Amino acid sequence: MNLLPWTIYLSFGGAALALAAGARSAAAARWIALATVAAAWGLVLAAAAGFMPANGLQTLADAAWVPSMGVRYHLAADGISLTLLVLTGLAATAGVLFSWNIEERTGEFFAFYLTLIGGVYGVFLSADAFLFFVFYEIAIVPKYFLIANWGSTNREYGAMKLVLYSFAGSALVLAGLLWAYAAGGARSFELQDLAAAAAHFTHGEQLGMFALVFLGFAVLAGLFPFHTWAPTGHVAAPTAASMLLAGVVMKLGAYGCLRVAMPLFPAGLAFWQPVIAWLAVAGIVYGGLVALVQDDFKFVIGYSSVSHMGFVLLGLAAANVRAASGAVLQMFSHGVIAGLLFAVVGRIVYDRTHTRRLEELSALPLHRLLPFAAVTFVLAGLASMGMPGFSGFPAELAILIGAWQTAPAWAAAAALGVLIAAAFTLRVMQLAFFGSAREVPALEAPATPLPAITPAEKAGAILLLAATVVVGLKPDLLLNWITPALQSPFFQAVLKGGAP
Amino acid sequence: MSGVPWLSLIIFVPWAGALLLAVRPRLGGRAVRLLALLCSLSTLAFGLALLGSFDRAATGYQFVEDHAWIAALNVHYHLGLDGLSLILVLLTGLVAPSALLASWRQERDPRLFQLLFLFLQGSALGVFLALDFFHWFIFWELSLVPAFFLIKLWGGGAATRAAYQFIIYTMAGSACMLLAFAAIFAATGTLDFTQLAGLAASGALGVKLAALGGFWPEAVFLGVFLGLAVKVPLFPFHTWLPPAYAEAPTGVSMFLTGVMSKMGVYGFFRILWPLFPAPLHAASGGLLWLALGGVVLGAFAAMRQSDLKRMVAYSSINHVSYCLLALFAVAAATGRSGLTSEPAAAALSGALLQMFNHGLSASALFFCVGVLESRGGGRRGLAEFGGVRSAAPVFAGLCGIAMFSSLGLPGLNGFVGEFLIFRGVFGLAPWAAATGCLGLLVTAIFLLTFYQRVFHGPRAGAGAGEFCDLSGLETATLAPAIALMFLLGVLPQLLIGLYNPLVTFWAGHLTLP
């Protein structure tokens, strides 16, 4: 457990090493990156094995940092952080495996990649709002370079849009936090202290602060109508960056909402709850409907992320332990599934066919040319539809149950999203992989056969598939960490149903 | 005997077979087929083995397996078997191997076909045996996936559209049902069917759901209802069925109609009725009309078809609607003063028997149409055959028996089920029984037309050229079902005895909470 902070240091160290080694050998940079993410993930899993979920936040490191402002270097973890750390390690490892073919400036690529990962680990471990914010920014900056340098379609536009949205969100968060810091007079950025100080805020102050902080984070979580950066960014990004973007970076936003905005300003949540919930539902439905009519394979997945993150935000807005635990589980589930979908689309299919247009893909008998990709995508698609047996199902079920307890209408509207998800997933599955199932004899395979699936791709896909099935069949593995954390005193003011 | 998880074995042996096929890509076609057939037959073997130790007098669940699974959602791995489940397991055990035999000559990617089929079979069995919604819903939804691909990849010309229609309709129903069960869990904290039925019987479930306020308690009932009604399908939610059944390859149509349509009916008996006795009673007036719609309009629609496969598909709607007619009549009469349990017991007993009978006869009819189709080079129009009897007397005989079983000729199995249903429904809702008789009449008309046009008269159309009689394999596929039609026609108590105490118990406890 006490080794968890090393995930951050390892990632940053690995970034420097990869940069240095990459100048000479691309292969060395790859192996360094893989070793780094695997080692960090190993640390997380080792910590998870010995984790006692009953306690609240468990401090891992605590030292004064900027004493004059009361800023501390305080790292701590509970079941929620741990779930997301496991996700980060998993997504990072799979992402490296799916970036094995990066040939251009490999060292730099992995340096940015590992810096991003280090920042993400840092966010999930921070117990001090200022530190949280610093890591949050560290995670945002490398994204720009990853997309702008190694991206594809419209990469400058996508990268710039993503970063502007992210920074705008950050600015809101910062403004809200500074306001709380100044108004509270606690002279501390500790989340615990800020939460305690918030009790003295006037109602109006709470509403304002909550709006700033929650909205700032929710932008990164893809809250409708501030989601537009997500699909363009996802599409422009290189595969591994899309995987991380959808897999973990969007989770940073949701995590910020849950860890910072909600417990600090419970009155704010109570006031804004219906607005957030309906925006979340709108995102679920709208994201799904837009995904239904896309012609670019990657845009479909990009909009599906908006739809799935809507479930996370709905789970948070429902403001009870059941729904919030579903939301955290959905963060994990979506991280794995979206990562897998982007890997199939961006790496396995696009790098071989050099097209993402569904119209063109449907002319290829892809399920025959790339059976492994077809099977992987079908399984990932089923998981994404919320099919029982995969991790999305218990998550969405818990969110729906929790939403019923707060407001049945939200649950009813969100269930529509489940159906739309089925529709767009089936549509894209059909067009991309089985489009020409009937005309196979007539269609000759391309003159040069598509390159075979590499072992790295297979390993990455199987890793992610295994995760979604294991969690789908035994969600207790994660829920036993998440639920006690949500029932801790820290969340008591904001989440109903603290007692099991 | 005890200690062995029999029910898990029933479900997971077909799945294990599917897994084995998945990881052994180099098995030859023959080995694949034999392995699949063996795994598929295991259901029948286990079902017959359980008959030995099945306590026929008991009304509760037997061979129960109950293990904690997901603490956070109070989900248990809960399996149990009663008379209702038992006959459906036996039915699956009979229909599935026949369907595989019917697909024996399937040459396009036999491994994937058999793999998906075994997966489908295991999922259907899971639906009949799982007693916790979470657990049950996994099987319910997972059964859609192999069915979708079996229709889409091996079906006829319009299969893709039919497969999508099938899965979107059913998933829409499932989404409603999922939402409803989320509400039920939010209100009660459990998803276990037996516990929920207990709560419903005491009226506690209704009270807890009423706390949702507004129209939401009704919406919960409606959600579960829709999920099941689409699957059965109940008129007017049936429009996905004719294309799906007609486009699916023969073996898959046999399984869809024989087993999968029973999943929905089973859900009505296992979930909707026990959990919502009062709302079902309140809605039963309208529901009876819907069931009658299926009975009468299904039959009329079948009469209007020129495609034989679509004709059999519509007749399927007609036949499963009888089961629901019986259930809704019982629900309508629940709580009526002066009600004796006798007509209710007859109606329910008939409904269960009809589920089994329809599984046998409809899958046999689909097989017969498949034979015509394969001989006729893909043609299966009513007007495209003639005089087949003189070319293929054995086929004509067996197909005729299946038809007469389907239209309810006394002496064959179909008669007993329909007779019991009508006897019961006459006692409970006479007008419904009277209207429903129209369906019986029209069924006789279209099936006899089918028989006359195709088998009698001068040889014509696709029947005019080389039309060989049934091969040994085809006879073996059809013969068990035909033998059972005779056996159950004469000795229906062989089957009724398995569930009679259960039905008597239900009929004796018809009270509203």
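A crossing of two helices is right-handed if the near helix is turned clockwise from the far one by less than a right angle. I needed that for the entry on helices 6 and 7 of chain B, whose crossing is right-handed. The model I worked from is predicted.

**Helix 6 and helix 7, chain B**

I looked up the packing of helix 6 (residues 144-154) of chain B against helix 7 of chain B and found an angle of about 160°, with the axes 8 Å apart. Angles over 145 degrees count as roughly antiparallel, so helix 6 of chain B is roughly antiparallel to helix 7 of chain B. I then listed the contact. Helix 6 of chain B puts in Leu144(B), Phe148(B), Ile151(B) and Lys152(B). The residues they meet in helix 7 of chain B include Ala159(B), Ala163(B), Phe166(B), Thr170(B) and Met171(B). By class I have nine nonpolar residues, two polar and one charged in this contact.

**Helix 4 and helix 5, chain B**

Next I took helix 4 (residues 110-129) and helix 5 (residues 133-142) of chain B, whose axes come within 8 Å and cross at roughly 145°. I noted the crossing of helix 4 of chain B with helix 5 of chain B as left-handed. Ser123(B), Gly126(B) and Val127(B) make the contact from helix 4 of chain B, and Trp136(B), Phe139(B), Trp140(B) and Leu142(B) make it from helix 5 of chain B. I find five nonpolar and two polar residues here, and no charged ones.

**Between the chains**

I asked how many residues each chain gives to the contact: 26 come from chain A and 24 from chain B. On the side of chain A that touches chain B, the elements giving two or more residues are helix 17 (392-406), helix 18 (408-433) and helix 20 (476-486) of chain A. Helix 18 of chain A gives the most, with nine residues. I sorted this side of chain A by class and got 21 nonpolar, four polar and one charged.

**Core**

The largest nonpolar core has 433 residues. Among those with the most contacts inside it I wrote down Leu313(A), Leu314(A) and Leu400(A) from chain A, and Ala182(B), Leu325(B) and Ala329(B) from chain B. Helix 7 (residues 159-188) of chain B supplies the largest share of this core, 21 residues. I followed up Ala329(B): leaving out residues up to four places away in sequence, it touches Leu288(B), Ala347(B), Gly424(B), Val425(B), Leu428(B), Ala429(B) and Ala432(B).

**Backbone exceptions**

Most residues other than glycine have a negative phi, and most peptide bonds are trans. I went through the cases that depart from this.

- I found a cis peptide bond between Phe224(A) and Pro225(A), with omega about 0°. Pro225(A) sits in the loop between helix 8 (203-220) and helix 9 (229-236) of chain A.
- I found another cis peptide bond, joining Val232(B) and Pro233(B), with omega about -5°. Pro233(B) is in the loop between helix 10 (216-231) and helix 11 (241-247) of chain B.
- Arg105(A) is not a glycine, yet I read a positive phi of about 50° for it. I placed Arg105(A) in the loop between helix 3 (79-98) and helix 4 (106-125) of chain A. I have Arg105(A) as partly exposed, because 17 other C-beta atoms lie within 10 Å.
- Phe63(B) is not a glycine either, and has a positive phi of about 55°. I placed Phe63(B) in strand 1 (residues 62-70) of chain B. The cut-off for buried is 20 or more, so Phe63(B), with 23 C-beta neighbours inside 10 Å, counts as buried.

How values were computed
Residues are numbered from 1 along each chain as its sequence is written. Chains are lettered from A and ligands numbered from 1 in the order in which they are written. This is a predicted model: local features need pLDDT of at least 70, side-chain atom pairs count only at pLDDT 80 or more; totals for chains, interfaces and linings use all residues. Axes are lines fitted to C-alpha atoms, for helices over the stretch in contact, and angles run from 0 to 180 degrees between N-to-C directions. Helices (H or I, at least four residues) and strands (E, at least two) are DSSP runs, numbered from the N terminus. Two residues are in contact if their C-beta atoms, placed from the backbone, lie within 7 Å. Ala, Val, Leu, Ile, Met, Phe, Trp, Tyr, Cys and Pro count as nonpolar, Asp, Glu, Lys and Arg as charged, and the others, Gly among them, as polar. A nonpolar core is a set of buried Ala, Val, Leu, Ile, Met, Phe, Trp, Tyr and Cys residues joined through C-beta atoms within 7 Å. A residue is buried if 20 or more other C-beta atoms lie within 10 Å of its own, exposed if 12 or fewer, and partly exposed in between; C-beta atoms are placed from the backbone. Angles under 35 degrees count as roughly parallel, over 145 as roughly antiparallel, 65 to 115 as roughly perpendicular and the rest as oblique.
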